[in-house]
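Have a look at the chain first, and then we'll go through it piece by piece.

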Amino acid sequence: MSMMSFAPSHSDKFAFGVWCVTNAGRDPFGDATRKPMPAMQAIRGLGERNVWGFEFHDNDVFPLGASAAQVRKIVRDVRAIMADTGICCCSGTTNLFFHPVFKDGAFTSHDPQIRAYAVHKVMHAIDLAAELGAQNFLFWGGREGAEVDAAKDPIEAIRRFREAMNFLCAYVRQNKYKMTFTIEPKPNEPRGDLYMPSVGNALAFIETLDPPNRAMVGVNPEVAHIKMAGLNPYHEYGQALEAGKLFELHLNDQKPVRYDQDLTFGSASLKESFFIVKLMVDHKFAGIKAFDAHAYRSEDIDGVWDFVERNMRTYKILEEKAYEARANRDLSALLEEIQAGNKAYEKLFTKYSPAAVRKLKALKFDPDKMATGRRLAYEKLDQILTEILLGIR
Ligand SMILES: [Mn+2]
């Protein structure tokens with residue numbers, strides 16, 4: 001174990017948001033604690049550390065109101081860094097939250113002019129992301145919510161969100177961009193309540209898009225957002241994966257019942273982080289593994305790079321632990337016992353037929369005996385897993 005380097009390679013498909021690296025440590029109560037790193041330096045630094053991809057908000061890289069000539073120069077500069085370091089642009093997104101124009105929403109604003117500006121801004125951001133080769137485009141509706149429910153009907157808000165998404169899906173298809181969309185759920189912050197609070201909400205919403213658009217839209221759930229909602233990341237990622245809708249991960253960490261902390265992956269809850277990685281290993285997740293976190297605001301620029309390396313290293317170590325757990329004989333023997341059950345009753349209702357109904361209804365069950373007949377040694381199981389994680393097995 002100690003012989004392994006856990007160094008990232010491009011096959012890991014690790015990515016970072018440019019905003020994660022350029023973050024200057026500002027918070028709602030305090031000003032910047034380090035000089036904001038220029039985006040170009042951030043992308044180059046990620047590439048030099050063998051990070052596979054970067055993702056960006058339009059205005060992380062292209063200042064709001066940049067002239068056409070400025071945009072062309074920036075595209076050339078980014079491409080030169082991509083060629084030098086081998087990093088790709090995996091995902092783009094639109095900043096629809098920072099400018100005061102979006103103070104009461106972008107796609108869900110009451111004002112048709114603001115909604116039109118939001119969709120206009122996204123189309124321009126999609127063009128730039130496509131030009132840089134992005135395969136995914138993220139939608140985190142940071143301002144799509146409310147503090148005053150008297151002001152907005154949630155049904156109207158969802159309809160407006162759908163109208164924008166349908167239009168933008170059609171835009172991507174018409175331009176033949178090879179790009180998927182993902183929705184990033186979050187329960188609250190910066191708004192009092194957000195409209196797409198959990199993975200389940202987003203999955204249900206996607207099924208209401210125009211039929212040709214449904215297949216191209218998935219989710220990129222973020223650990224911190226899931227935990228802010230008090231939910232279990234293993235289960236949330238699991239349902240998205242089972243639905244074929246997990247196109248990208250936003251990995252970080254979070255202590256429960258707090259503001260959005262965006263902590264380094266694995267830094268607050270190792271065991272939960274392990275199960276996220278285990279899920280990806282078990283089901284051979286091949287999508288984008290992006291880290292969306294910030295270095296502690298007490299760090300300087302060197303600390304930002306420690307942060308970048310640490311996120312990937314922890315993921316790789318937990319990946320190794322997932323393989324160790326799979327190979328552990330005590331664990332697999334116990335799991336086999338726990339998951340056994342009475343195989344004679346398998347497939348009784350796999351396919352509906354009147355004969356299957358008659359057979360199942362006629363069966364005699366003894367629930368008292370069924371409840372006590374078999375031991376479920378979860379204490380032992382969890383302890384073995386804990387000891388694997390602690391490195392003593
Ligand atoms: Mn995120």
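This is a predicted model: local features need pLDDT of at least 70, side-chain atom pairs count only at pLDDT 80 or more; totals for chains, interfaces and linings use all residues.

## Strands side by side

Strands β9 (residues 248-251) and β10 pair up in the parallel sense, with four bridges between them. Pairing here takes at least two DSSP bridges between two strands, and the strands themselves are DSSP runs (E, at least two residues), just as helices are runs of H or I with at least four residues, all numbered from the N terminus.

Buried means under 20% relative accessible area, exposed means over 50%, and partly exposed is what falls in between (1.4 Å probe, protein chains only). Strand β10 (residues 288-291) also runs parallel to β1, joined by three bridges. Across that pairing, F14 sits opposite K289 and F16 sits opposite F291.

Strand β1 (residues 14-17) has cover on both faces, with F14 and F16 buried on one side and A15 and G17 buried on the other. β1 is also joined to β2 (residues 53-57), again in parallel, by three bridges. There, A15 has G53 as its bridge partner.

Residues are numbered from 1 along each chain as its sequence is written, and side-chain values use heavy atoms, leaving out hydrogens and water.

## A leucine in a helix

L128 belongs to helix α5 (residues 112-131). It counts as buried because its relative accessible area is 12%. Leaving aside residues up to four places away in sequence, L128 touches F56, F62, V71, R72 and V75, where a contact means heavy atoms within 4.5 Å.

## Charged pairs

Side chains of opposite charge can pair when their charged atoms come close. The rule used here asks for a side-chain nitrogen of Lys or Arg within 4 Å of a carboxyl oxygen of Asp or Glu, and the count comes to 20 salt bridges. One of them joins R44 and D84 at 3.2 Å, N to O. This pair links distant parts of the chain, with R44 in helix α2 (residues 39-48) and D84 in helix α4 (residues 68-85), 40 residues apart. R44 is partly exposed at 30% relative accessibility, whereas D84 is exposed at 55%.

What about D58 and K121? Their side chains meet in a salt bridge at 2.8 Å, N to O. D58 is in helix α3 (residues 58-61) and K121 in helix α5, 63 residues apart. D58 is buried at 6% relative accessibility, and K121 is buried at 7%. Elsewhere, D104, E147 and R191 are linked in a network of salt bridges.

The domain assignment (automatic or from a database) gives domain 1 (10-322) and domain 2 (329-390). Their C-alpha centres lie 39 Å apart, and four residues of domain 1 are in contact with five of domain 2.

Y345, F349, L360, F365 and M370 make a nonpolar surface patch of about 540 Å². F349 is in the loop between α13 (329-338) and α14 (354-362), and counts as exposed because its relative accessibility is 67%. Patches are made of residues with over 30% relative accessible area and no salt bridge, joining like charges within 9 Å and nonpolar side chains (Val, Leu, Ile, Met, Phe, Trp, Tyr) within 5 Å. Accessible areas come from the Shrake-Rupley method with a 1.4 Å probe, and for residues only the protein chains shown count as cover.
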